[in-house]
Amino acid sequence: MSSLHAQQCAYFKDGLTLGYAARISALHQFDQALRQYEERLVAALYQDFQKSAFESFTTEFSMLYEEIRHAQRNLKKWMRPQRVRTNWINWPARSAILREPLGVNLIIGAWNYPVLLLLQPAVSALAAGNTAVLKPSENAPAVAAVIEEMINTNFESGHLVVVQADAKQTQQLLTLRWDHIFYTGSTKVGQIVYEAAAKHLTPVTLELGGKSPAIITASANIPLTAKRLVWGKFLNAGQTCVAPDYVLVHESVREAFIHACISELKRHNYTLGQNHYCQIINHRHFDRLIALLDPEKIVFGGQSDRDTRFIAPTIMAEVTLADAVMQEEIFGPILPLMTFDTLENAVTQVKALEKPLAAYVFSTLKKEYQKVLSDLSFGGGAVNDVVMHLSNPNLPFGGVGHSGIGAYHGTHGLDCFSHRKSVLYKKNWFEAPLKYPPLSHKKLNWIKKFMK
Ligand code: NAD
């Protein structure tokens, strides 16, 4: 590990990643490698948790190709100095922001979207002119092995390399001095990463999780709300960081909403197998999820099979903040429902928990969704939809408070892996005498006149 780290430091110091030609060719190489390995990665996703080819393409590869294309199209523009206005005190001069790569990065991925969450930040790192060590999650081992072969046979290890490491070995990696650490995973491990980074004053991007609410008001279009919400909640068997974790529904539409969700769930074929529903990633998570179920509160679903790591989409009603299912991020196919009478009350219930990664509001009244958007702090979200905000490369993707630090995607990804260097270009043909000695009252009065 330390020899790979040293190789990357030398590669970066030699300036091999900096120019436009090096960056665009790295993006091209990356794109070619991904096309070459796509089929094997899809097979590996199926091997790890029976993720279907359809879901694999729509939720992992499509966004990755989009990210590469976006970077290729915008790279020249991104690399130009960004002119900003110069204030009068610096006249005559011009000012600009220059993006420079941070240097040698450690990128740690999570298992739930094991291709996208490791490779999407890698695209931004390459576009921004960095080197990176990629550490896939050991919880999706088949995908990790294919990604290792794909990257390590197509890139010089000084530029981009994959290392396999379990939790203990990852902590060793964290003791090295990186220029930036990009971590995706739980808030608990995020704290370990942050602590290790602090020893070297290394900047971090922490893409964490949390309990993301969906608030459904009495004015919502119930059938469409149920359709969108059921899709986003049970995608990837609920193992999605921005999935709606729980629902707060207005008491007057509670019954209608439950019925609409049930009829939507019956329309889908939530059984395991190719082009269906995927498994829970491992037995540890399976057991954790089963312990969150309260049989008395289940209004739909609840079936499970430990051997095949299958948990049917499950809806629980009459849930309160005191229930086990509300004590941690669910990260699985269980949807608890709570009710509210006034919107104020719904907002108060959400505020009782840490700031979430996402929040959703379903309403057809502007004053209602405006209230939710202004009263709640959350990473990102949607009005009348779930999950889809992260597919727009123009929106920064990241958390706030316990759901994360920093953001990426598109230009925001480039900023995440760059330092924005401020430069003042001063002209030589004029120099105002005000700031130089002799320092007199008269000069001070002049300065005060302009600056107060
Ligand atoms: P995980 O178990 O795959 O862990 C994530 C990474 O942390 C892995 O690479 C793992 O090797 C490493 N790791 C685990 N324990 C460690 C330790 N003690 N020290 C150092 N490294 C360690 O994934 P997870 O943590 O179960 O992921 C689920 C969480 O991630 C959820 O909370 C989810 O919301 C969040 N998540 C966030 C995003 C996002 O983009 N914000 C995306 C996906 C998942």
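**Helix packing, ligand and backbone**

Modeller: Helix 3 (residues 53–79) and helix 4 (residues 116–127) pack with their axes 10 Å apart, at an angle of about 5°. The model is a predicted one.

Colleague: How are helix 3 and helix 4 oriented to each other?

Modeller: The angle between helix 3 and helix 4 is about 5°, and angles under 35 degrees count as roughly parallel. Helix 3 and helix 4 are therefore roughly parallel.

Colleague: Which residues make that contact, and how many of them are nonpolar, polar and charged?

Modeller: Helix 3 contributes T59, E60, M63, L64, E67, I68, A71 and L75, and helix 4 contributes L116, L119, Q120, V123, S124 and A127. By class, the contact of helix 3 with helix 4 comprises two charged, three polar and nine nonpolar residues.

Colleague: What is the hand of the crossing of helix 8 and helix 9, and how many residues of each class are in the contact?

Modeller: The crossing of helix 8 past helix 9 is right-handed. On the side of helix 8 the residues are I222, P223, T225, A226, K227, L229, V230 and F234, which meet A256, F257, A260, C261, E264, L265 and R267 of helix 9. By class, the contact of helix 8 with helix 9 has three charged residues, one polar and eleven nonpolar.

Colleague: How do helix 11 and helix 12 lie relative to each other?

Modeller: Helix 11 (residues 343–351) and helix 12 (residues 366–375) have axes 11 Å apart and pack at an angle of about 25°. Since angles under 35 degrees count as roughly parallel, helix 11 is to helix 12 roughly parallel.

Colleague: Which residues of helix 11 and helix 12 are in contact, and how many of them are charged?

Modeller: From helix 11 the contact takes L343, E344, V347 and K351, and from helix 12 it takes E368, K371, V372 and D375. By class, the contact of helix 11 with helix 12 has three nonpolar residues, no polar ones, and charged residues numbering five.

Colleague: Turning to the ligand, which residues come nearest?

Modeller: There are 28 residues around the ligand. Of these, the ones that come nearest are G109, K135, S137, E138 and E329.

Colleague: Where in the backbone are the cis peptide bonds?

Modeller: P92 is in the loop between strand 1 (82–84) and strand 2 (93–101), while P438 is in the loop between strand 18 (418–426) and helix 14 (441–451). With omega about 0°, a cis peptide bond joins W91 and P92, and, with omega near 0°, another runs from P437 to P438.

Colleague: What phi does R309 have?

Modeller: R309 sits in the loop between strand 11 (304–305) and strand 12 (310–311). Although R309 is not a glycine, its phi is positive, at about 55°.

Note on methods:
Residues are numbered from 1 along each chain as its sequence is written. This is a predicted model: local features need pLDDT of at least 70, side-chain atom pairs count only at pLDDT 80 or more; totals for chains, interfaces and linings use all residues. Side-chain values use heavy atoms; hydrogens and water are left out. Axes are lines fitted to C-alpha atoms, for helices over the stretch in contact, and angles run from 0 to 180 degrees between N-to-C directions. Helices (H or I, at least four residues) and strands (E, at least two) are DSSP runs, numbered from the N terminus. Angles under 35 degrees count as roughly parallel, over 145 as roughly antiparallel, 65 to 115 as roughly perpendicular and the rest as oblique. Contact means heavy atoms within 4.5 Å. Ala, Val, Leu, Ile, Met, Phe, Trp, Tyr, Cys and Pro count as nonpolar, Asp, Glu, Lys and Arg as charged, and the others, Gly among them, as polar. A residue is near a molecule or strand if one of its heavy atoms lies within 4 Å of it. A crossing is left-handed if the near helix is turned anticlockwise from the far one by less than a right angle, and right-handed if clockwise.
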